[in-house]
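Please look over the model below. This report covers a helix pair, one further helix and a loop residue.

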Amino acid sequence: MLAIIEAAGWPIWFLIIASVIALAIILERLWSLRAAVVAPPCLLDETLDTWRRQGADDGLIRRMASGAPLARVLAAGLRNAEQPREIMKDAIEEAGRGVSPELDRFLTTLGTIAAMAPLLGLLGTVFGMIEIFAAQGPAGENPMQLAHGISIALYNTAFGLIVAIPSMIFYRHFRARSDQLLLDMEQQALRLVEVVHAEPR
């Protein structure tokens, strides 16, 4: 690997830094966008059971407001459980807009890396081509300089694509995952509204 980096020249370091950042974001998002972290499957049923037993007291709301994103959305609904249905829905929608940036965190950076990595590879290719043309001198070609220029051009092009393709795949995956989690939270929050306003007080 060190030999490849040396052959690729200094432009490869920009791609290496980009790949490290992209890998860190991918691992962090894989961990953070798990359903068990964002919207635990039994949370709504447990919340409704607690609400039926003790009502929407301050302790329950405070505990949920510091929990998972879904818990914070449900807490916003419970905080307005005594209000009309539309006010409760508005509070839930506002809370949903509040947790949305948390689900999309770092995705702009990942998308930027996916878009910029081929350009960084192209930049390295251009420097490699410059090296190739510089090898053409009055005394003929300099084989070592020519080979070095070809190495810079090819390695940077390849590494740019190697960084860009997985970054774009995971960027699209995480965008879809974030949208799906938001939809799931919205559906569960609406179910909370219907249950709260359907049951006698």
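Predicted model: local features only at pLDDT ≥ 70, side-chain atom pairs only at ≥ 80, totals over all residues.

## The α7/α9 contact

From α7 come Arg 85, Met 88, Lys 89, Ile 92, Gly 96, Val 99, Ser 100 and Leu 103. They meet Ser 178, Leu 181, Leu 182, Met 185, Ala 189, Leu 190, Leu 192, Val 193, Glu 194, Val 196 and His 197 of α9. By type, the residues of this contact divide into 12 nonpolar, four polar and three charged.

## Geometry of the pair

Helix α7 spans residues 85-103, and helix α9 spans residues 143-198. Their axes lie 10 Å apart, and the packing angle is about 160°. Angles over 145 degrees count as roughly antiparallel, and α7 and α9 are therefore roughly antiparallel to each other. The crossing of α7 past α9 is right-handed.

## The two sides of α5

Which residues of α5 are buried? They are Leu 60, Ile 61 and Met 64. These residues cover an arc of only 95° around the axis, so they sit on the same side of α5. Their cover includes α4 (43-54) and α6.

The other side of α5 carries Asp 58, Arg 62 and Arg 63, which are exposed.

## Gly 67 in the loop

Gly 67 is in the loop between α5 (58-65) and α6 (69-79). Its relative accessibility is 28%, so Gly 67 counts as partly exposed. Glu 6 is 61 residues from Gly 67 in sequence. In space, the two are 48 Å apart, C-alpha to C-alpha.

Conventions: Residues numbered from 1 in each chain as written. Heavy atoms only, no water. Axes fitted to C-alpha atoms, helices over the stretch in contact; angles between N-to-C directions. Helix = DSSP H or I, 4+ residues; strand = E, 2+ residues; numbered from the N terminus. Parallel < 35°, antiparallel > 145°, perpendicular 65-115°, else oblique. Left-handed = near helix turned anticlockwise from the far one by under 90°. Contact = heavy atoms within 4.5 Å. Nonpolar A, V, L, I, M, F, W, Y, C, P; charged D, E, K, R; others polar. Buried < 20%, exposed > 50% of the residue type's maximum accessible area, 1.4 Å probe, protein only. Arc of directions from axis to C-beta.
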